[in-house]
Amino acid sequence: YTAASVGLPNGSANETLTEAICCDTAYRNYAEPNGFFKFPDVHLFQAIDSKSVTTFYDSVCGLPLFQAPVGRTFSDWKDDTTEHGWPSFR
């Protein structure tokens, strides 16, 4: 996906969504589009083990950012994520 294809303001067709969100200071206040985790080629909930904690990494620099679910069940985390439109890390 490009920054332009998902509707980021002034998004460039030459910049990937990952580059825009993680590296471009013009998009510092943005995240991936609401519901991106449900895009057909993402399938977040099918891609991770529901019986263990998953570490999420910055896709550009590789640093660990979040772990989920922590302090709640996978089902509760999935419900929060679906309700809010973005993975819920708290």
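# Aromatic cluster, core and salt bridge

Beyond its neighbours within four places in sequence, Ser88 is in contact (heavy atoms within 4.5 Å) with Arg72, Trp77, Asp80 and Thr81. The model is predicted, so local features need pLDDT of at least 70 and side-chain atom pairs count only at pLDDT 80 or more, while totals for chains, interfaces and linings use all residues. Residues are numbered from 1 along each chain as its sequence is written, and side-chain values use heavy atoms, with hydrogens and water left out. Ser88 belongs to the segment after H3 and counts as buried, at 12% relative accessibility; buried means under 20% relative accessible area, exposed over 50%, and partly exposed in between (1.4 Å probe, protein chains only).

**Overall layout**

- The protein chain has 3 helices and 2 strands, taken as DSSP runs numbered from the N terminus (helices H or I, at least four residues; strands E, at least two).
- Read from the N terminus, the order of elements is α-α-β-β-α.
- The protein chain has 90 residues, of which 29% count as buried.
- Of the contacts between residues at least 6 apart in sequence, 30% join residues at least 24 apart.

**Aromatic pairs**

- There are 8 aromatic pairs, where rings of Phe, Tyr and Trp (its six-membered ring) pair if their centres lie within 6.5 Å; planes under 30 degrees apart count as stacked, over 60 as edge-to-face and the rest as tilted.
- Phe37 and Phe45 form an edge-to-face pair, because their ring centres are 5.5 Å apart and their planes stand at 70 degrees.
- Both Phe37 and Phe45 are buried.
- Phe66 and Phe89 are stacked, because their ring centres are 4.2 Å apart and their planes are at 5 degrees.
- Phe66 lies in strand E2 (residues 64-68) and Phe89 in the segment after helix H3 (74-84), so this pair ties together parts that are 23 residues apart in sequence.
- Phe66 is partly exposed at 39% relative accessible area, and Phe89 is partly exposed at 26%.
- One aromatic cluster is formed by Phe37, Phe45, Phe56, Phe66, Phe74, Trp77 and Phe89.

**Nonpolar core**

- The largest nonpolar core has 8 residues: Phe37, Leu44, Phe45, Ile48, Phe56, Ala68, Phe74 and Trp77. Such a core is a set of buried Ala, Val, Leu, Ile, Met, Phe, Trp, Tyr and Cys residues joined through side-chain atoms within 4.5 Å.
- Helix H2 (44-47) and H3 each contribute at least two residues to this core.

**Surface patch and Leu65**

- Leu63, Leu65 and Phe66 make a nonpolar surface patch of about 290 Å². Patch residues have over 30% relative accessible area and no salt bridge; like charges are joined within 9 Å, nonpolar side chains (Val, Leu, Ile, Met, Phe, Trp, Tyr) within 5 Å.
- Leu65 lies in strand E2 and is partly exposed, at 48% relative accessibility.
- Not counting residues up to four places away in sequence, Leu65 touches Phe56, Tyr57 and Asp58.
- Leu65 and Phe89 are 24 residues apart along the chain, and their C-alpha atoms are separated by 9.6 Å.

**Salt bridge**

- The whole structure holds 1 salt bridge, defined as a side-chain nitrogen of Lys or Arg within 4 Å of a carboxyl oxygen of Asp or Glu.
- The side chains of Arg72 and Asp80 form this bridge, at 2.4 Å from N to O.
- Arg72 counts as buried at 15% relative accessibility, and Asp80 is buried at 16%.
- Arg72 and Asp80 are also among the contacts of Ser88.

**Backbone geometry**

- Most residues other than glycine have a negative phi, and most peptide bonds are trans.
- Ala68 and Pro69 are joined by a cis peptide bond, with omega about -15 degrees.
- Pro69 sits in the loop between E2 and H3, and Ala68 is one of the core residues.
- His43, a residue other than glycine, has a positive phi near 45 degrees.
- His43 is in the loop between helix H1 (17-23) and H2 and counts as partly exposed, at 41% relative accessibility.

Note on methods
Accessible areas come from the Shrake-Rupley method with a 1.4 Å probe; for residues, only the protein chains shown count as cover.
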